[in-house]
Amino acid sequence: MTSKNKNYSRRDFFKTAGAAGAGAIIAPNILKAADKTESESSDNAIVTTRPFGKTGVSVPTLSLGGIFDIPANQIILNLAFKFGVTYWDTANMYGGGLSEEGVGIFFNKRPDVRKKIFLVTKSTSRDSEGMTEHLELSLKRMNTNYIDLYFLHSFGSMNELSDEVRKWAEKQKSKGKIKLFGFSTHKNMEKCMMGASKLNWIDGIMMSYNFRLMQKPEMKEAVQACFEKGIGLTAMKSQGGGSVKTETDTELKMAGRFIKQGFTPEQAKLKAVWEDNRISSICSLMTNSTILMANIAAALDRTSLATRDMDLLNQYACETSSDYCAGCGHICESAIKGKVPISDIMRHLMYHRSYGEKGSTETLDRKPAVNMKHMASLDFSLAEKKCPQKMAIGDLMKEAAEVLS
Ligand code: SF4
């Protein structure tokens, strides 16, 4: 060992492991299974399923988030199918349509597979004309005549669920173009979920949900209300703000414990969500086969997290709360009289930090129409006082104004 290597500390090791992402540990049996042809794949290498609420449908516990690059998504779709990751999530706007087109290319080559896939796509529109236009385009792009679950994308307030939307959903169901209907939400999730649980026409919800958010009393209540109502729940943003930064003792302790048990902190965060049987599936953006295989390995591994593991995740969530926007926009945005959609800007800043400048801020979500220069000049001190996560909102809005302009 060189003197340089001698100085390679435990901290450095976890930094390297973290940089490798969720793909740091893949069980050898999974790698062997990946080399087999589809017919040779053993049954125990298939991701298990759970009921999707009371819809009568079962879905795999891991679902594939939209991939924007067509050559990449052909490889990933094939691999996902092989391991039973047959819940595919996309959106009308992902990659400017490339995500849906990739699914269409796949179904064109493998029409026999369509009925085995639980296909989800979304519309950013909230009126019947716009939703019809988006739905027809999605059907055409994906070479299919029905969508298993159709979502309103980036839903943030019950005001968006008008009677027009309900009638539209019922009409499309009666025509057989959609089977189930609901929304995806990463803003005011708990309020939206509680609202939906009081209705009789929301079949499924995809919400931000992770080891941080699951600790919030209002989220616990919202999950239970939806579960009792029979609404199928899919967790997204399950990593709770990105990879472990290996900067605190808790992170090191946590990473050390997980690595000893044979999984990475990223895989442990997925497991923390799967511990809750009320959550049917985790939707994960898996942009390459290494991440996909690592997530599949985590889904196939039956090891449960111990109470101490959950305690450490909880402790880590508390210590790093000011790094994570919990999406409770109604709190900070009312403090500045709605002048800036802070929660949306925070999310786009997270996309920018996590996925780089390559357009992901626009391809994942509706980018808020905001005068960035004006935003940077506003006083956010009252919003900061009210923020339960104690985020440095003013500084973050200035950063967003610079990088998202
Ligand atoms: S900035 Fe704070 S109050 Fe605003 S949405 Fe994020 S966590 Fe909630």
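Me: Which residues in helix 12 do Gln267, Leu270 and Lys271 in helix 11 meet?

Reply: The model is a predicted one, and the pair in question consists of helix 11, residues 265-274, and helix 12, residues 289-300. By class, this contact has three nonpolar, two polar and one charged residues. On the helix 12 side, the residues that meet Gln267, Leu270 and Lys271 are Ala294, Asn295 and Ala298.

Me: Why are helix 11 and helix 12 described as oblique to each other, and which hand does their crossing have?

Reply: The axes of helix 11 and helix 12 come within 10 Å and cross at roughly 45°. Angles under 35 degrees count as roughly parallel and those from 65 to 115 as roughly perpendicular, and helix 11 and helix 12 are therefore oblique to each other. As for the hand, the crossing of helix 11 and helix 12 is right-handed.

Me: Are helix 10 and helix 13 roughly parallel or roughly antiparallel to each other?

Reply: The axes of helix 10, residues 249-261, and helix 13, residues 307-319, come within 9 Å and cross at roughly 150°. The crossing of helix 10 and helix 13 is left-handed. Since angles over 145 degrees count as roughly antiparallel, the orientation of helix 10 and helix 13 is therefore roughly antiparallel.

Me: How many charged residues does the contact of helix 10 with helix 13 have?

Reply: Helix 10 contributes Thr250, Glu251, Lys253, Met254 and Arg257 to the contact, while helix 13 contributes Asp309, Leu312, Leu313, Gln315, Tyr316 and Glu319. By class, the contact of helix 10 with helix 13 has four nonpolar and two polar residues, and its charged residues number five.

Me: Which helices each supply at least two residues of the shell around the ligand?

Reply: The ligand is surrounded by 14 residues, of which the closest are Cys325, Cys328, Cys332, Ser343 and Cys387. By class, this shell has 10 nonpolar and four polar residues, with no charged residues. The helices that each supply at least two residues of the shell are helix 14 (329-335) and helix 15 (342-355).

Me: What percentage of contacts in the protein between residues at least 6 apart in sequence join residues at least 24 apart?

Reply: The protein has 19 helices and 10 strands, and buried residues make up 45% of its 405 residues. Among contacts between residues at least 6 apart in sequence, the share that joins residues at least 24 apart is 77%.

Notes:
Residues numbered from 1 in each chain as written. Predicted model: local features only at pLDDT ≥ 70, side-chain atom pairs only at ≥ 80, totals over all residues. Axes fitted to C-alpha atoms, helices over the stretch in contact; angles between N-to-C directions. Helix = DSSP H or I, 4+ residues; strand = E, 2+ residues; numbered from the N terminus. Left-handed = near helix turned anticlockwise from the far one by under 90°. Contact = placed C-beta atoms within 7 Å. Nonpolar A, V, L, I, M, F, W, Y, C, P; charged D, E, K, R; others polar. Near = placed C-beta within 6 Å. Buried ≥ 20, exposed ≤ 12 C-beta atoms within 10 Å, placed from the backbone.
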